[in-house]
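Open the model in your viewer and keep the selection tool ready. The tour goes from one selection to the next.

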Amino acid sequence: MNYNQLHMPTYITGRGSISFFSTLGRKRIGIIRGGRSLNDQLKNTIEQLALEIGAQVKYLAQIRNEPFIEDIFECMEEVEEFQPDLILAIGGGSVLDTAKAIHLFYENPELSFDDATIPYSLPRLGKKALHVSVPTTSGTGSETTSCAVFIDKISKTKKLLIDNNIIPHYAILDADTTDSLPSSLTIATGLDALTHAIEASTANNSSVLTRAIAIGAAQDILESLPVAVQSDIDIEIKKLAKEKLHIASALAGTAITNSCTGIAHSYDHPGPAFSIAHGNICGLMLPYTMKYVGTHPSFATIAKRLGYSGSEEELTKCLQNHLFKFMEELKLPLSFKDMGIDKEEYEASVKIWSEISLNAFATKVSPANMNAEKGIALYQDCYNGLE
């Protein structure tokens, strides 16, 4: 059979839409939050709404870092004791990923973490609690995705849960939660979302529907991100741009859930190696990766919507140049050399990074047809920059 199914949460949008959770008829609300994601105003709003519907609220976990496997299980005794019928996750990607796992093991306490890492083997969730995800950044797309990433403290490696059954039931996209973000974080997460969108549009396993979502999200991010971080601009225009960016980043997350990312993501090893924000790494690498993907109809479509014209090959080049100018507009470096990364230390890792990246699913579904030599060349391009 040849058909596609779109997997995503039910989206709730609009400023002030955080209030939606109070319409679900739930009486035991367990909150998973980040270190700074739940400010006093938002906390008061949630508690007042819960009071109005006669619901209990309990803060079950506070995630302050990239999530470790231990972060899931440290709070499970408290979760079991409280027995929430609604899990409300508020924060960035680490918080939202942790909430997915907490929901999974709350409803399936007999499941081991190792068994849960078997792809697409997880049970349907919702028999004990609904899961509502409220992102406070515009980029990771975790509120929409079918995966959750954790770090093993002992091996220092990343472990992945992946199954459409861990997609939250509802994603509340309330841009009010993003207004206080510093511009640097808005840029980093926005570039991650942009890379999600453009890469999802070119993945070999992308459907017509997924490409349509991805291309629309890419255009919205390219248009709204510079406005969202502009300082000398009318506040209402800026707020509208932030809302547009917030929704587009979620749609980009839906796009990668239903296809995949690409080689800017699977070759992003310089980020953790040199402690550089993941989104900034992806944003820098994205235009360089286009050389290896080659001329592509999705690149041409995005370029046309940005106002360019020409053949498919010319339009692909136009988009690549546009992305370089976009990074310049955001006042970001265009190469790892310009980032100040030590050349000798960087080049010492390039070969192993290239070999590791070949095993990633994102590499395998990319039209770039990568090999070890191409990977090394990509890393050289990203370090040396435009000739």
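**Stop 1: a pocket**

Select Arg124, Asn164, Asn165, Ile167 and His169: among the 13 residues that line the second largest pocket, these lie nearest its centre. On a 1 Å grid over the protein atoms alone, a pocket is an open set of points with protein on both sides within 12 Å along at least five of seven lines, a cavity is a set where a 1.4 Å probe fits but cannot get out, and lining residues have an atom within 4 Å of a point. The model is predicted, and local features need pLDDT of at least 70, side-chain atom pairs count only at pLDDT 80 or more, and totals for chains, interfaces and linings use all residues. Residues are numbered from 1 along each chain as its sequence is written, and side-chain values use heavy atoms, without hydrogens and water.

The second largest pocket has a volume of about 260 Å³, a volume being the space filled by probe spheres set on the points, which are joined across faces, edges and corners. Its lining has six nonpolar, six polar and one charged residue. Here Ala, Val, Leu, Ile, Met, Phe, Trp, Tyr, Cys and Pro count as nonpolar, Asp, Glu, Lys and Arg as charged, and the others, Gly among them, as polar.

**Stop 2: a cavity**

Next select Glu199, Thr202, Thr289, Val293 and Phe299, which lie nearest the centre of the largest cavity. About 80 Å³ of space lies in this cavity.

**Stop 3: two domains**

Colour domain 1 (10–178) and domain 2 (183–384) separately; the bounds come from an automatic or database domain assignment. Their centres, taken over C-alpha atoms, are 27 Å apart. How many residues of domain 1 are in contact with domain 2? There are 21, and they meet 19 residues of domain 2, where contact means heavy atoms within 4.5 Å.
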